[in-house]
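Here is a short report on one protein chain. Look over the sequence and the model first, then read on.

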Amino acid sequence: MSFSLEDVFKEVPQQTGNGGRYLTPSSVFKDAPVAPVTRLDKTTAAAREILDAQANERVQKSARLKLAREARDAGLSR
């Protein structure tokens, strides 16, 4: 038994706003328009990038110092 598209959708009520036609995939899956980027958004993004870079450097430095401290303490305990 094969079903046609009309058989599957015969219980679906008529749509309003598009003349009662079914939506086509090209109209359903369009990308949403991108909101304009303001100066505040650009400044916030730049500040966040700088803060993230500083935090990353701080984590790397702490790890390096921890390894050096562990190596020093291991040398003293012998």
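Where is the place of Asp73? Asp73 sits in helix H3. Helices (H or I, at least four residues) and strands (E, at least two) are DSSP runs, numbered from the N terminus.

This is a predicted model, in which local features need pLDDT of at least 70 and side-chain atom pairs count only at pLDDT 80 or more, while totals for chains, interfaces and linings use all residues. Residues are numbered from 1 along each chain as its sequence is written, and side-chain values use heavy atoms, with hydrogens and water left out.

**Overall fold and confidence**

The protein chain has 3 helices and 0 strands. Along the sequence, the pattern reads α-α-α. pLDDT is the predictor's confidence in each residue, from 0 to 100. Its mean over the protein chain is 82, and 74% of the residues reach 70 or more. The table shows the lowest and highest mean among the elements.

| Element | Residues | Mean pLDDT |
|---|---|---|
| Helix H2 | residues 25–28 | 60 (lowest) |
| Helix H3 | residues 39–76 | 95 (highest) |

Where pLDDT is low, the predicted coordinates should not be read in detail.

**Surface**

Accessible areas come from the Shrake-Rupley method with a 1.4 Å probe; for residues, only the protein chains shown count as cover. The protein chain has about 7,800 Å² of accessible surface. Carbon and sulfur atoms hold 59% of that surface. Buried residues (under 20% relative accessible area; exposed is over 50%, partly exposed in between) make up 1% of the 78 residues.

Phe3 lies in the segment before helix H1 (5–8). Phe3 is exposed, at 61% relative accessible area.

**The salt bridge**

A salt bridge is a side-chain nitrogen of Lys or Arg within 4 Å of a carboxyl oxygen of Asp or Glu. The whole structure has 1 salt bridge. Arg72 forms a salt bridge with Asp73, and their closest N and O atoms are 3.3 Å apart. Asp73 is partly exposed, with a relative accessible area of 39%.

Conventions:
Buried < 20%, exposed > 50% of the residue type's maximum accessible area, 1.4 Å probe, protein only.
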